[in-house]
Amino acid sequence: MGLLSKKDGKLITDPLADNNPITIQVLGICSALAITAELKASLVMGIAVLFVLGVGNVVISLLRNIIPSKIRIIVQLIVVATLVIIVDQVLKAYAYELSKTLSVFIGLIITNCIIMGRFEAFALGNGPWRSFLDGIGNALGYAVILVIVGFFRELLGSGTLFGIPVLGDAIEKTGVYSIGYENNGFMLMPPMALIIVGLLIWVQRSRNKALIED
């Protein structure tokens, strides 16, 4: 038997598509609206959640048989807060400018519905390995949507990707700007993130009719 059984593999693949935490479960929307104006910030937030949810799920799973049910939420908050502090300090040490861009939103990972939801729904009832896979799968599903939204918002709103001009120079009127194209400032506003997420939901449910509620 390989490292991943078919059942275990689904823990990673399902959140990437038909059980995506943002487009299907509609969780973690706040950060999708707030930090996706730049692709770099979107990617870093996705990596941060990947670390917090992957490691957090394992820790909660290891503690599941000794955590009194009455204080389980407090324990979960302590675990996720510790991991978020680690992420925050690493960003401040190695990517200070980016940490200022993300600022309060890194701290708000503590209250991210996806993380607390997976702790409650999965890690408390499963072993460390399957909990790790579940955490990685849901974090990747979350990160993929953030990267897609960030890609279109930065490209169409600023004409850049990772801060690098890809459509030409808007001032010198080179590239697509030479034919009259202008950056769409509306793409950099939070409402546009919601519209892009809505379009992703529409595309996903158009491809899979089983996802459409009666």
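**Close-up views of a predicted model**

**View 1. Phe162 in the loop between β1 (160-161) and β2 (164-165).** The model is predicted, with local features needing pLDDT of at least 70, side-chain atom pairs counting only at pLDDT 80 or more, and totals for chains, interfaces and linings using all residues. Residues are numbered from 1 along each chain as its sequence is written, and side-chain values use heavy atoms, without hydrogens and water. Strands (E, at least two residues) and helices (H or I, at least four) are DSSP runs numbered from the N terminus. Phe162 is not glycine, yet its phi is positive, near 55°. Its relative accessible area is 45%, so Phe162 is partly exposed (buried is under 20%, exposed over 50%, partly exposed in between; 1.4 Å probe, protein chains only).

**View 2. Lys173 in the loop between β2 and α9.** Phi of Lys173 is near 60°, again a positive value in a residue other than glycine. Lys173 counts as partly exposed because its relative accessibility is 38%.

**View 3. Helix α9, residues 190-207.** The 18 residues of α9 reach 26 Å from first C-alpha to last, close to the expected 26 Å (1.5 Å times one less than the number of residues). Met192, Ala193, Ile196, Val197, Gln204 and Arg205 of α9 are buried. Their cover includes α2 (29-34) and α8 (128-158), where contact means heavy atoms within 4.5 Å.

**View 4. Gln204 in helix α9.** Gln204 counts as buried because its relative accessibility is 13%. The side chains of Gln204 and Thr23 are joined by a polar contact of 2.5 Å (a pair of N or O atoms within 3.5 Å; within protein, one must be able to donate a hydrogen and the other to accept it, and residues adjacent in sequence count only if both atoms are side-chain atoms).
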